[in-house]
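Welcome! Open your viewer, get your selection tool ready, and follow along one stop at a time.

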Amino acid sequence: MDNTRNGSKLYLYGIVSAAVLGGLLFGYDTAVISGAEKGLQAFFLGATDFQYTDFMHGLTCSSALVGCVVGALLSGLAAVHLGRKRTLVLAGVLFFVSALGSMNPEFLFFHRGEATLGLLWMFNFYRVVGGMGVGLASAVCPMYIGEVSPAERRGQLVSWNQFAIIFGQLVVYFVNFLILGSHTNPVIEQIGQGVNRVAPGSDTWTIETGWRYMFGSEAVPAALFTVLICLVPESPRWLAMNGRDGKALAVLSKIGGPECAKTILDDIKATAHERRERLFAYGWLVVFIGVMLSVFQQVVGINAVLYYAPRIFGDMGMTNPMFNTVMMGLVNIAFTVVAILTVERWGRKPLLISGSLGMAVGALGVALTFGAEGLQLVTMISIMLYSASFMFSWGPVCWVLISEIFPNTIRGTAVAIAVAAQWIFNFVVSSTFVPMFNMHLVQGDDFGHWFTYGLYGVMCLVAAVFVWRLVPETKGKTLEDMTRLWKKGDKK
């Protein structure tokens, strides 16, 4: 397991494990809203100086995604100038500040428990701060893992990051379930188009306190990640690109042994002369494909399920929506493991295409059966198929491709743009889900239900065609191979 000639797998797995905690926090931060959003909505419905509408709730639930876009855009500059390691430390600090601030947004400036428009702005500020941490981590964690991993293990190890994301979501589903305990989420009654009220008799503890504990629970893994990431080495490719060949060689030797390290370092240096190349030095297609991978990962609609799972299961008539959400999290974990075990054997494209088709069937199944009497089980199976298909395909494989598809010399900037596009479309999908899902052509009809999931199903089919026609297979290629692959005049 651990020897000097062939490098140390234990060392490699140790530093990757520390880095994937950033993925866990990514999942934790983005999914914590699923358990807290009804209590949060009820809290701000009690405001006296403004009316809290569906539209405002959609924006509040999605406000962290604004920070994700900012963090992703800054990740390129940070990863290039600060290095991958220090960028991840910064992300950990932002996660920690956001967790405590979201739990107690009244800190210093407001009266505790008094819902006002100013407090809503402050809560969203802290969520944006956490989103900036997510944006940094979402771009730099897979980049770091990809840059320390040998080519033959890179797809599998980067997939660990997606496993950590889904595990983080499962952990927070379970934590929210435990925090809720014997309490119940408030019942929200619609009294007009986009206007609601808290039903009489709703659990006041959930409205006043429960959502605070849910957001605050993230401080524990955030602190752990910040400490552990300080112990990992800097990316050897960043070190080599910045003239620190000795340190780069030392890290590569620990990972793959001295002989392999020398070969990889020579390969890195052979492409490093173009370190300051412009973004489109290898043509527009590589950037377009990277960005569209990110866009399709979002417009297939999966985050509308992950962020609003308890609400969806409750609207389906399930007696314990939080329990159903935890069960969905377990299914997601299982199918993410499928991707980890198959991504190096089957390749990236087959997983993406088959996952897109499975998601299309699941989404269209939800569209056709949601709200139909006696078909709740079919709807539930369709949601599980939809979610599971994403977890063995677009969830992990998109991150694998983004971490490896770009040449070394433009990777920092290109990854930042691709991940920023991902968070922009995540925000669009997440902020429009509640008002779109609640749309009625006539009072009481289910137009919003079938239209929303029908739209997601169509996007899944378009995504399958995109991958089939444009995305190159990268299985088994080194990161330096990508530079040669995309050089002008070369064929894919």
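**Before you click**

This is a predicted model, in which local features need pLDDT of at least 70 and side-chain atom pairs count only at pLDDT 80 or more, while totals for chains, interfaces and linings use all residues. Residues are numbered from 1 along each chain as its sequence is written, and side-chain values use heavy atoms, with hydrogens and water left out.

**Stop 1: the whole chain**

Show the protein chain as a cartoon and you can look for 19 helices and four strands. Both are DSSP runs numbered from the N terminus, with at least four residues (H or I) for a helix and at least two (E) for a strand. Of the 492 residues, 61% are buried. Here buried means under 20% relative accessible area, exposed means over 50%, and partly exposed is in between (1.4 Å probe, protein chains only).

Accessible areas come from the Shrake-Rupley method with a 1.4 Å probe, and for residues only the protein chains shown count as cover.

**Stop 2**

Select V66, V70, L74 and L77, which make a nonpolar surface patch of about 320 Å². Patches are made of residues with over 30% relative accessible area and no salt bridge; nonpolar side chains (Val, Leu, Ile, Met, Phe, Trp, Tyr) are joined within 5 Å, and like charges within 9 Å. V66 sits in helix 2 (residues 54-81) and is partly exposed, with a relative accessible area of 37%.

**Stop 3: into the core**

Which residues touch the most other members of the largest nonpolar core? Select F44, W394 and Y453: these are the ones, in a core of 144 residues. Helix 1 (residues 9-45) gives this core its largest share, 20 residues. A nonpolar core is a set of buried Ala, Val, Leu, Ile, Met, Phe, Trp, Tyr and Cys residues joined through side-chain atoms within 4.5 Å.

Stay on Y453. Leaving aside neighbours within four places in sequence, Y453 has contacts that include V305, A363, Y386 and F433. A contact means heavy atoms within 4.5 Å.

**Stop 4: Y386**

Is Y386 buried or exposed? Y386 counts as buried, at 0% relative accessibility. The side chain of Y386 reaches the backbone oxygen of G301 at 3.3 Å. This is a polar contact, a pair of N or O atoms within 3.5 Å; within protein, one must be able to donate a hydrogen and the other to accept it, and residues adjacent in sequence count only if both atoms are side-chain atoms. Next, draw a line from Y386 to G457: their C-alpha atoms are separated by 9.2 Å, and the two are 71 residues apart along the chain.

**Stop 5: a pair of threonines**

Select T369 in helix 14 (residues 348-369). Its side chain makes a polar contact with the side chain of T379, at 2.8 Å. T369 is buried, with a relative accessible area of 10%.

**Stop 6: distant in sequence**

Go to N161 in helix 5 (residues 151-180), a buried residue at 1% relative accessibility. N161 and P396 are 235 residues apart in sequence, yet 7.5 Å apart in space, C-alpha to C-alpha.

**Stop 7: the salt bridges**

How many salt bridges are there? The count comes to three, where a salt bridge is a side-chain nitrogen of Lys or Arg within 4 Å of a carboxyl oxygen of Asp or Glu.

- D29 pairs with R127, the closest N and O atoms being 3.6 Å apart. This pair links distant parts of the chain, helix 1 and helix 4, 98 residues apart.
- R84 pairs with E147, with the closest N and O atoms 2.7 Å apart. R84 is in helix 3 (residues 84-103) and E147 in helix 4, 63 residues apart.
- R212 pairs with E106, where the closest N and O atoms are 2.6 Å apart. R212 lies in helix 6 (residues 204-216) and E106 in the loop between helix 3 and helix 4, so the pair ties together parts that are 106 residues apart in sequence. Both R212 and E106 are buried.

**Last look**

Zoom back out to the whole chain. Among contacts with a separation of 6 or more, 81% come from residues 24 or more positions apart.
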